[in-house]
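Work through the exercises below with the model open beside you, and try each task before reading its solution.

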Amino acid sequence: MLLVPTILFSLLQSPCSNLPCKNKGKCVTLYKTNSYFCACKKIFIGQHCEKDTCPAGFVIHGESCYYVASPSSASTWNNSRRFCQNLGADLAVIKSEDENQFASHLLRSNSVGSNGWIGLYRKADIKFYWLDDRPAEGNYQKWNDGEPNGGSSEGCAHLIGGDSNGTWNDLSCLDNYPVAICQWPI
């Protein structure tokens, strides 16, 4: 007769069962020590991903930090981009309605201006692309009625902050606007 030993399993409660990680951090159970660690998303640190690493003056939203900047009294798209890059950021790359509404609200609540440059520009093929090389076409867009309309002469975009819908307009990259919407990290 063959005897099969009886194995007793003790059910250990995972230390991750009480969801200790904040800001969408992933809890990883270390069963040998009955402990855990939190794998934090991009801009979060701390034992429980509770602290953001946004640079001073930036405001957190989602997994990015934003800053409404006034590079000078008036600045072109390229100068505004350079200003953001000097902060370790770049012009905002908007990927969703939620992000666009946040940027629009941030722009409206800032006293330096009502329109702000964003990281959307025309390439040689006359189509708009984001600074991360995603084409505007086929991705989230929020153009104002009749926009974009300027062809190759209007190669950059700005968010219209005074518009409660947070729409975009194309205009010449050499036009001067006092505001840039910076985003970190890109």
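## Exercise 1: the disulfides

Searching the whole structure gives six disulfides, a disulfide being a pair of cysteine sulfur atoms within 2.5 Å. The model is a predicted one, in which local features need pLDDT of at least 70 and side-chain atom pairs count only at pLDDT 80 or more, while totals for chains, interfaces and linings use all residues. Residues are numbered from 1 along each chain as its sequence is written, and side-chain values use heavy atoms, with hydrogens and water left out.

Solution, step by step.

1. The sulfur atoms of Cys16 and Cys27 lie 1.8 Å apart, forming a disulfide, and with -80 degrees about the S-S bond this link is left-handed.
2. Cys16 counts as buried at 12% relative accessibility, whereas Cys27 is partly exposed at 21%; buried means under 20% relative accessible area, exposed over 50%, and partly exposed in between, with a 1.4 Å probe and protein chains only.
3. In the disulfide of Cys21 and Cys38 the sulfur atoms are 2.0 Å apart, and the link, with -90 degrees about the S-S bond, is left-handed.

## Exercise 2: handedness and burial

Task: decide whether the disulfide of Cys40 and Cys49 is left-handed or right-handed, and whether Cys49 is buried or exposed.

Solution, step by step.

1. The two sulfur atoms, of Cys40 and Cys49, are 2.2 Å apart.
2. The torsion about their S-S bond is about -95 degrees, so the disulfide is left-handed.
3. Cys49 counts as buried, at 0% relative accessibility, whereas Cys40, at 30%, counts as partly exposed.

## Exercise 3: backbone details

Task: find where the cis peptide bond that joins Glu147 and Pro148 lies, and where Leu19, with its positive phi, is found.

Solution, step by step.

1. Omega is about -10 degrees for the cis peptide bond between Glu147 and Pro148, and Pro148 belongs to the loop between β9 (128–130) and β10 (156–160).
2. A cis peptide bond also joins Trp184 and Pro185, with omega about -15 degrees, and Pro185 is placed in the segment after β12 (180–184).
3. Leu19, a residue other than glycine, has a positive phi near 50 degrees and is found in the segment before β1, where Leu19 is exposed with a relative accessible area of 65%.
4. Lys24 likewise has a positive phi, near 65 degrees; Lys24 lies in the segment before β1 and is exposed, with a relative accessible area of 68%.

## Exercise 4: salt bridges

Solution, step by step.

1. The structure holds six salt bridges, each a side-chain nitrogen of Lys or Arg within 4 Å of a carboxyl oxygen of Asp or Glu.
2. Lys142 lies in the loop between β9 and β10 and Glu97 in helix α2, so the pair ties together parts that are 45 residues apart in sequence.
3. Lys95, Asp132 and Arg134 are also linked, in a network of salt bridges.

Key:
Helix = DSSP H or I, 4+ residues; strand = E, 2+ residues; numbered from the N terminus.
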